[in-house]
Amino acid sequence: MILSGGQTQFARFMGKALITEDGEAIEGAAAEEVEAMGRVTFFINSAADDGDGAPV
């Protein structure tokens with residue numbers, strides 16, 4: 001997870017660039033403005049009843 005331009009977003013480090021979810025590459029001078037917020041290792045999905053009747 002990174003902070004870039006005042007927004008948090010997910011990105012992957014590939015080669016010398018960060019690749020965001022929408023496919024944008026952040027590299028070079030632009031990468032110097034990015035703050036790494038942490039590593040996301042997994043997501044916890046909500047177990048709230050969404051009306052589909054399927055058990056969790």
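Colleague: Which residue takes a positive phi in the hairpin of β4 and β5?
Modeller: Gly23 does, with a phi near 90°, and that hairpin has four residues between the strands. Please bear in mind that this is a predicted model.

Colleague: And which residue takes a positive phi in the hairpin of β3 and β4?
Modeller: There the residue is Gly15, whose positive phi is near 65°. The hairpin of β3 and β4 has two residues between the strands.

Colleague: In what order do the strands of that open sheet stand?
Modeller: The order is β3-β4-β5, three strands with antiparallel pairing. Because β3 (11-14) and β5 each have a single partner strand, they stand at the edges, and one side of each lacks a neighbour in the sheet.

Colleague: How many bridges pair β3 and β4?
Modeller: Four bridges, in the antiparallel sense. Met14 has Ala17 of β4 as its bridge partner, and Phe13 stands opposite Leu18, also in β4.

Colleague: Over how many bridges do β4 and β5 pair?
Modeller: β4 and β5 pair over two bridges, again in the antiparallel sense. Ile19 is bridged to Ala25 in β5, and Leu18 has Ile26 of β5 as its partner.

Colleague: Where is Glu24 found?
Modeller: Glu24 is in the loop between β4 (17-20) and β5 (25-26).

Colleague: Is Glu24 buried, partly exposed or exposed?
Modeller: Its relative accessible area is 44%, so Glu24 is partly exposed.

Colleague: What is Glu24 in contact with, leaving aside its neighbours within four places in sequence?
Modeller: Glu24 is in contact with Leu18 and Ile19. As for spacing, the C-alpha atoms of Glu24 and Ala11 are separated by 9.2 Å, and the two residues are 13 apart along the chain.

Colleague: Let us turn to Thr20. Is Thr20 buried or exposed?
Modeller: Thr20, which is found in strand β4, is buried, because its relative accessible area is 5% and the limit for that class is under 20%.

Colleague: What joins the side chains of Thr20 and Asp22?
Modeller: A polar contact of 2.4 Å joins them. Leaving aside neighbours within four places in sequence, Thr20 is also in contact with Gln9, Phe10, Ala11 and Ile26.

Colleague: How many Å apart are Gln9 and Thr20, C-alpha to C-alpha?
Modeller: They are 7.2 Å apart in space, and 11 residues apart in sequence. Gln9 is found in strand β2.

Colleague: At what relative accessibility does Gln9 count as partly exposed?
Modeller: The value for Gln9 is 21%. Anything under 20% would be called buried, so Gln9 falls in the partly exposed class.

Colleague: Leaving aside its neighbours within four places in sequence, what is Gln9 in contact with?
Modeller: Gln9 is in contact with Met1, Ile2, Ser4 and Thr20.

Colleague: Which residue in β2 does Ser4 stand opposite?
Modeller: Ser4 stands opposite Gln7. Strand β1 (residues 2-4) pairs with β2 over three bridges, in the antiparallel sense.

Colleague: Which strands form the open sheet that has β1 in its order?
Modeller: The order is β2-β1-β6, three strands in an open sheet with antiparallel pairing. β2 (7-9) and β6 (35-36) stand at the edges, and because each has a single partner strand, one side of each is left without a neighbour in the sheet.

Colleague: A change of topic: which residues make the nonpolar surface patch?
Modeller: Met1, Met37, Val40 and Phe43 make the patch, which covers about 380 Å².

Colleague: Where is Val40 found?
Modeller: Val40 is in the segment after β6. Its relative accessibility is 37%, so Val40 counts as partly exposed.

Key. Residues are numbered from 1 along each chain as its sequence is written. This is a predicted model: local features need pLDDT of at least 70, side-chain atom pairs count only at pLDDT 80 or more; totals for chains, interfaces and linings use all residues. Side-chain values use heavy atoms; hydrogens and water are left out. Two strands pair if DSSP finds at least two bridges between them. Buried means under 20% relative accessible area, exposed over 50%, partly exposed in between (1.4 Å probe, protein chains only). Contact means heavy atoms within 4.5 Å. Patches are made of residues with over 30% relative accessible area and no salt bridge: like charges are joined within 9 Å, nonpolar side chains (Val, Leu, Ile, Met, Phe, Trp, Tyr) within 5 Å. Accessible areas come from the Shrake-Rupley method with a 1.4 Å probe; for residues, only the protein chains shown count as cover. A salt bridge is a side-chain nitrogen of Lys or Arg within 4 Å of a carboxyl oxygen of Asp or Glu. A polar contact is a pair of N or O atoms within 3.5 Å; within protein, one must be able to donate a hydrogen and the other to accept it, and residues adjacent in sequence count only if both atoms are side-chain atoms.
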